[in-house]
Amino acid sequence: MAMAVIIDGKKISQQIKDELKEKTAALRAKGKTGALAVIQVGEDPASSVYVRNKKNACAYIGIESLAYELPEETKEAELLKLIEELNQKTEVKGILVQLPLPAHICEDKIIQAIDPKKDVDGFHPQSVGAMTIGEKGFLSCTPAGIIQLLKRSGIEITGKHCVVIGRSNIVGKPMALLMLRENATVTITHSKTKDLPKICKQADILIVAMGKPQYIGAEYIKEGAVVIDVGIHRDENNKLCGDVKFEEASSIASAITPVPGGVGPMTIAMLMNNCVQSIEEG
Ligand code: NAP
């Protein structure tokens, strides 16, 4: 049986970061610089890893990062005050609040407090609205990274049937909208969808963002389909795995993303892309 091509997110994200490094140097030569403010509340270990990766990516590309590590018991009002200060600081071109936040802080309120011009995560309602109607604004990083993965792997999107599993605000919904913008025919599915395998089997491009470890197997995949696995989990041996049963899926798909090394590194590359865009515009 033919094995799927592995879509190498590590390599593609490295290419993007190298392009951005050059662009940042060129902007600096024209006097355009800026910093990314990264705010973490509490010490969730997974969040700490993400925050560290983001700081490292900034250092690689040549963007200054400002770290704000706040204690778990930080009050919502204090966090809002910090965001307001960062909104006012002209040298700060991007503000990122690492999610999830502790339960006593309302995430929506925090996201909405960020100046949309600095909303490099693309979560502010204004950014989401702009993306929806095709206006300029920051694109949500994980879905934008998946579009880049497909394009840079030479996978045609126009006219393809794309099935997205998941409708979250950070992955599923923006993913569906970006695939629509790229002229795919899009089906969005979720936990109340009836006969999920049958719908998924119609997909030329199947994008899985359901948050269920190794759930999607052969019965969901059409011969020759492209499978994009957004899920990130640790299995019983503490090894990283996705929402897709990788071995099984790769004997049916024509191309597939691995976990790790697929979608994950693209998310950070697109965050950097948004930061560079903000420096360029600001
Ligand atoms: P989420 O908010 O938990 O959303 C999961 C979605 O999947 C929901 O819309 C849910 O439907 C749907 N779903 C759950 N079980 C289902 C089922 N049995 N059949 C059909 N649909 C089902 O998760 P998320 O934030 O979108 O993240 C999804 C995964 O991607 C997680 O593993 C997360 O860790 C990972 N992730 C990775 C990156 C990256 O950079 N690689 C970035 C973000 C997230 P309902 O709406 O009906 O509940």
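**Loops, strands and cysteines in a predicted model**

D195 sits in the loop that connects β6 (185-189) with α8 (196-200). The model is a predicted one, and in it D195 has a phi near 55°, a positive value in a residue that is not glycine. The points below take up the backbone of such loops, then the strands, the helices and the cysteines.

**Backbone in the loops**

- D195, with its positive phi, has a relative accessible area of 46% and is therefore classed as partly exposed.
- Q214 is a further residue other than glycine with a positive phi, here about 45°, and it is located in the loop between β7 and β8; its relative accessible area is 38%, so Q214 counts as partly exposed.
- The peptide bond leading from L99 into P100 is cis, with omega near 0°, and P100 belongs to the loop between β4 and α4 (107-113).
- V259 and P260 are likewise joined by a cis peptide bond, with omega about 0°, and P260 is placed in the loop between β11 and α10 (263-281).

**The sheet of β3, β2 and β4**

- Three strands form an open sheet in the order β3-β2-β4, and their pairing is parallel; the edge strands, each pairing on one side only, are β3 (64-70) and β4 (92-97).
- From one strand to the next, the twist of this sheet averages 20°.
- Strand β2 (residues 35-41) is joined to β3 by seven bridges, with the two strands running parallel, and one of the residue pairs is I39 with its bridge partner Y68 in β3.
- Helix α2 (residues 45-61) lies across β2, β3 and β4, and its direction is at about 170° to β2.

**Strand β8 and its partners**

- Strand β7 (residues 205-208) pairs with β8 in the parallel sense over four bridges, and I207 has I228 in β8 as its bridge partner.
- Strand β8 is also joined by two bridges to strand β11 (residues 255-256), again with a parallel run, and here V226 stands opposite A255 of β11.

**Packing of α1 with α6**

- The axes of helix α1 (residues 9-29) and helix α6 (residues 141-152) come within 10 Å and cross at roughly 100°, which means that α1 is roughly perpendicular to α6.
- In this contact, G9, I12, Q15, I16 and E19 of α1 meet Q148, L149 and R152 of α6; by class, the residues are three nonpolar, three polar and two charged.

**Cysteines without disulfides**

- How many disulfides does a search of the whole structure find? The search finds zero, where a disulfide would need two cysteine sulfur atoms within 2.5 Å.
- For C141, the closest cysteine sulfur is that of C275, and the separation of 8.0 Å is too far for a bond; C141 has a relative accessibility of 4% and so counts as buried.
- For C275, the closest cysteine sulfur is in C58, at 5.5 Å, which is also too far for a bond; C275 counts as buried because its relative accessibility is 4%.

Key. Residues are numbered from 1 along each chain as its sequence is written. This is a predicted model: local features need pLDDT of at least 70, side-chain atom pairs count only at pLDDT 80 or more; totals for chains, interfaces and linings use all residues. Side-chain values use heavy atoms; hydrogens and water are left out. Buried means under 20% relative accessible area, exposed over 50%, partly exposed in between (1.4 Å probe, protein chains only). Two strands pair if DSSP finds at least two bridges between them. Axes are lines fitted to C-alpha atoms, for helices over the stretch in contact, and angles run from 0 to 180 degrees between N-to-C directions. Contact means heavy atoms within 4.5 Å. Angles under 35 degrees count as roughly parallel, over 145 as roughly antiparallel, 65 to 115 as roughly perpendicular and the rest as oblique. Ala, Val, Leu, Ile, Met, Phe, Trp, Tyr, Cys and Pro count as nonpolar, Asp, Glu, Lys and Arg as charged, and the others, Gly among them, as polar.
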